[in-house]
Amino acid sequence: MDVQMIGAGLIVIGVGIGIGRIGGSAMEAIARQPEATNKIQTAMLIAAALIEGIGFAALFAA
Amino acid sequence: MYRLLRFILVVALLSPVVTSSVFANAEAHHGAPDKELTPEELRDENNAFVKHHTNDSHDFGIVSNEETGTHVGFPLPVILWDGSLHVFMSSAFEHGEKVVESKGNYYKLDTHDGKIYKTDEHGVVMTETTIDKKTKEETVHQLKPLDFSITKNVFVTIFMCILMFFLFKGIAKSYKTGLAPTGAAKFFEPIILFIRDEIAIPNIGEKAHKKYMVYLLTVFFFIWFLNLIGMTPLGINVTGNIAVTFVLAIFTFLITQFTGKKDYWMHIFWMPGVPVPMKIILIPIELIGLVVKPFALMIRLYANMLAGHIVLGALIAAVYFFDAYLAKTAFLGLTFFMNIIELLVAALQAYIFTMLTALYFGSAAAVHEEAH
């Protein structure tokens with residue numbers, strides 16, 4: 001039980017870092033090229049959703 | 001300036017709806033217990049509250065008070081297969097207090113896990129003992145009939161199907177008289193166009209997108225409406241049920257496989273443009289990928305919606321947990337904020353499901369002209 005909790009914590013840290021990096025990079029990209037906002041947002045959401053999916057799958061395994 | 005005004009107007013119009021749903025949720029919880037509860041009892045009670053609101057059930061309960069034993073709601077039909085067909089209304093259980101007799105068999109509703117068990121006439125659950133041949137270990141099973149009941153989730157799903165059928169039938173009809181949208185079409189036309197122009201065409205392609213539009217639109221509105229009805233204080237949680245998302249993901253999987261063109265299978269079994277040893281290594285990886293994609297779709301929607309409901313339930317429980325009025329007010333504000341976020345998530349999850357489905361369809365329908 002305790003080991004699983006540590007595992008779940010590690011997963012959340014990993015997913016948090018991943019989605020945070022995507023969000024940060026998207027912010028930077030939008031600041032550089034505001035006219036491409038829509039495309040960047042779409043790509044950001046897809047990437048975030050994919051990472052989230054893996055995170056949830058791992059959480060269920062833990 | 002106009003945009004800001006519009007935003008404020010929308011929030012102002014939405015806020016009574018959202019706050020009333022918060023209060024109604026809280027009211028449904030329990031009518032202010034006067035007796036002192038230990039932290040463990042409180043925790044158990046909160047867990048039961050969250051479970052009650054996220055799990056499926058055999059009746060459509062709206063408000064219930066455990067202390068006085070009053071329940072407001074309506075019963076739903078129970079359909080059991082146990083050698084023969086048993087059909088009766090769930091009101092016969094009287095919320096788990098009574099044993100129901102049907103064609104010589106006796107059934108009881110367990111209020112803790114919401115499942116129906118086979119019992120004898122005194123309400124003792126029948127058991128069956130099986131012995132493992134290898135380990136000689138005895139395991140005791142509690143007997144359960146096959147349950148095909150119209151439960152709350154099934155009821156809401158059927159209701160939503162009927163609602164969507166008439167809504168979109170009406171929208172389609174409104175275009176017969178002229179191209180300008182009227183009525184509900186005014187609201188839904190931009191959303192339908194968004195799915196076509198921003199999701200289907202960029203991912204699937206100008207030529208092939210048309211035959212997939214039917215499924216994409218259906219799945220988007222189905223998930224979105226079910227997510228939204230889950231935000232009402234009725235305690236509905238259809239998209240947070242893994243069986244529902246499993247079936248949705250299976251549909252996406254089957255459509256992807258059965259509409260896959262030559263190039264799609266080529267990329268799975270004989271990846272072009274890489275050396276032969278690499279091709280052989282890639283076959284199992286691609287085959288695993290086939291299954292992982294719908295699996296991730298299923299888990300994402302299920303986990304997001306369930307987690308949202310649990311967080312909301314925990315926040316509402318926290319309003320009752322604290323005695324200080326400052327803390328109560330703070331948690332009420334937080335619940336309101338979470339409700340708004342969940343409204344966003346309801347649309348976002350529908351969008352992401354549709355988007356990824358379109359992405360998989362795109363890979364199935366892609367035709368590569370140039371050699372890799």
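Predicted model: local features only at pLDDT ≥ 70, side-chain atom pairs only at ≥ 80, totals over all residues.

Residues are numbered from 1 along each chain as its sequence is written, and chains are lettered from A and ligands numbered from 1 in the order in which they are written.

I then looked up the elements of chain B and found 9 helices and 10 strands, taken as DSSP runs numbered from the N terminus (helices H or I of at least four residues, strands E of at least two). Of the 372 residues in chain B, 26% are buried; buried means that 20 or more other C-beta atoms lie within 10 Å of the residue's own, exposed 12 or fewer, and partly exposed in between, with C-beta atoms placed from the backbone.

Next I went through the sheets, counting two strands as paired if DSSP finds at least two bridges between them. One open sheet of chain B has 3 strands in the order 4-3-10 with antiparallel pairing, and its edges are strand 4 (85-89) and strand 10 (146-147), each pairing on one side only. Strand 3 (residues 77-81) is joined to strand 4 by 5 bridges, and B:Pro77 has B:Met89 as its bridge partner in strand 4.

A further open sheet of chain B, also of 3 strands, runs 5-6-7 with antiparallel pairing. Strand 5 (100-102) and strand 7 (116-119) each have a single partner strand, so one side of each is left without a neighbour in the sheet. Strand 6 (residues 105-109) pairs with strand 7 over 4 bridges, and B:Tyr106 is bridged to B:Thr119 in strand 7.

Strand 8 (residues 127-131) of chain B has 5 residues of which 0 are buried, so it lies largely in the open. Strand 8 pairs with strand 9 (residues 138-142) in the antiparallel sense over 5 bridges, with B:Thr130 opposite B:Thr139. Their hairpin has 6 residues between the strands, and there B:Lys136 takes a positive phi near 60°.

Which residues touch the most other members of the largest nonpolar core? They are B:Leu216, B:Phe220 and B:Ile223, in a core of 41 residues, a core being a set of buried Ala, Val, Leu, Ile, Met, Phe, Trp, Tyr and Cys residues joined through C-beta atoms within 7 Å. Helix 2 (37-61) of chain A is among the elements that give two or more residues to this core, and helix 9 of chain B gives the largest share, 11 residues. Not counting residues up to four places away in sequence, B:Ile223 touches B:Thr239, B:Leu301, B:Gln349, B:Ala350 and B:Phe353. Apart from this core lies another of 8 residues, including B:Val78 and B:Tyr107.

Last, I checked the interface, where 8 residues of chain A are in contact with 7 residues of chain B.

Key
Contact = placed C-beta atoms within 7 Å.
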